[in-house]
Amino acid sequence: MLLPLFAALVAASTALLIFAGGLVTSTGSGLSVPDWPNTYGWFMWAFPMSKMVGGIFYEHTHRLIASTVGFLIVVLAIWLGRAEPRRWVRRLGYLALGAVIAQGILGGITVLWYLPDAISIAHASLAQILFCLTVTIATRCSVRSFRPTSRSASTSPPVDLLGSWELAVGSWR
């Protein structure tokens, strides 16, 4: 029962990360921290709060949230690999792990190469794909926990979507 809650936390954290990235872009803070993976030579997590002013606040906060989300996705992928019986959901977890690693690399390249448009666009686009992956994982983990357990409850006839669609379209002709 904890896996669906954790997956939902990861999805919500990913949404927060995208919001923080949007703040970096909209405030023009993209190069406020000119080095990567450090922050003005400091280890990222040791950077003093007193120096987080102006654009540095937005950029550094985005990096801290991104590191946290990356760690959460590593945990989620491992957890799915050990506890999720459906192979396709486990693969979504591994795909999310690969996407978050690519996100970190694209973010670093964006800083080191001074915001090239193609890399920045790829970074923003992959962020949305990663969010969709985490939401899909969270909803699929949630659906699994509410699956009917009795055989009689699952023997209802399948819904014929194509036949229903043809019926609906046919009534418009």
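**Helices, core and salt bridges**

The accessible surface of the protein comes to about 10,800 Å², and 70% of that belongs to carbon and sulfur atoms (areas by the Shrake-Rupley method with a 1.4 Å probe; for residues, only the protein chains shown count as cover). This is a predicted model, where local features need pLDDT of at least 70 and side-chain atom pairs count only at pLDDT 80 or more, while totals for chains, interfaces and linings use all residues. Residues are numbered from 1 along each chain as its sequence is written, and side-chain values use heavy atoms, with hydrogens and water left out.

User: How many residues are in the largest nonpolar core?

Analyst: A nonpolar core is a set of buried Ala, Val, Leu, Ile, Met, Phe, Trp, Tyr and Cys residues joined through side-chain atoms within 4.5 Å. Buried means under 20% relative accessible area, exposed means over 50%, and partly exposed is in between (1.4 Å probe, protein chains only). Ile73, Leu76, Leu80 and Ile137 have the most contacts inside the largest core. Its size is 26 residues.

User: Which helices each supply at least two residues of this core?

Analyst: The α1 helix (2-26) has buried residues that include Leu3, Phe6 and Val10. In α3, the buried set includes Val89, Leu92 and Val100. The helices that each supply at least two core residues are α1, α2, α3 (87-112) and α4 (117-145).

User: Is Leu76 buried or exposed?

Analyst: Leu76 lies in helix α2 and, beyond its neighbours within four places in sequence, is in contact (heavy atoms within 4.5 Å) with Leu3, Phe6, Ala7, Val10 and Ile137. Since its relative accessibility is 2%, Leu76 counts as buried.

User: Which residues does Leu80 touch, not counting those up to four places away in sequence?

Analyst: Leu80 is one of the residues with the most contacts inside the largest nonpolar core. Its partners are Leu3, Val89, Arg90, Gly93, Ile137 and Cys141.

User: Which residue forms a salt bridge with Arg63?

Analyst: Side chains of opposite charge can pair when their charged atoms come close. A salt bridge here is a side-chain nitrogen of Lys or Arg within 4 Å of a carboxyl oxygen of Asp or Glu. With closest N and O atoms 3.0 Å apart, the partner of Arg63 is Glu59.

User: What relative accessibility does Arg63 have?

Analyst: Leaving out residues up to four places away in sequence, Arg63 touches Val33, Asp35, Trp36, Pro37, Asn38, Thr39, Met44 and Val111. Arg63 counts as buried because its relative accessibility is 7%.

User: What is the N to O distance in the salt bridge of Arg86 and Glu84?

Analyst: A search of the whole structure finds two salt bridges. Arg86 counts as buried at 17% relative accessibility, and Glu84 counts as buried at 3%. Their side chains meet with N to O at 2.7 Å.

User: How far apart are the end C-alpha atoms of α3?

Analyst: The expected span of a helix is 1.5 Å times one less than its number of residues. The 26 residues of α3 should therefore span 38 Å, which agrees with the model, where the end C-alpha atoms are separated by 38 Å.

User: Which residue just after α1 takes a positive phi?

Analyst: The α1 helix has 25 residues and reaches 36 Å from its first C-alpha to its last, close to the 36 Å expected. Just after α1, the residue with a positive phi of about 70° is Gly28.

User: Which residues make the nonpolar surface patch of about 300 Å²?

Analyst: Patches are made of residues with over 30% relative accessible area and no salt bridge; like charges are joined within 9 Å, nonpolar side chains (Val, Leu, Ile, Met, Phe, Trp, Tyr) within 5 Å. Leu31 is in the loop between α1 and α2 and is partly exposed, with a relative accessible area of 33%. Tyr114 follows α3 and has a positive phi, near 60°. The patch is made by Leu31, Tyr114 and Leu115.
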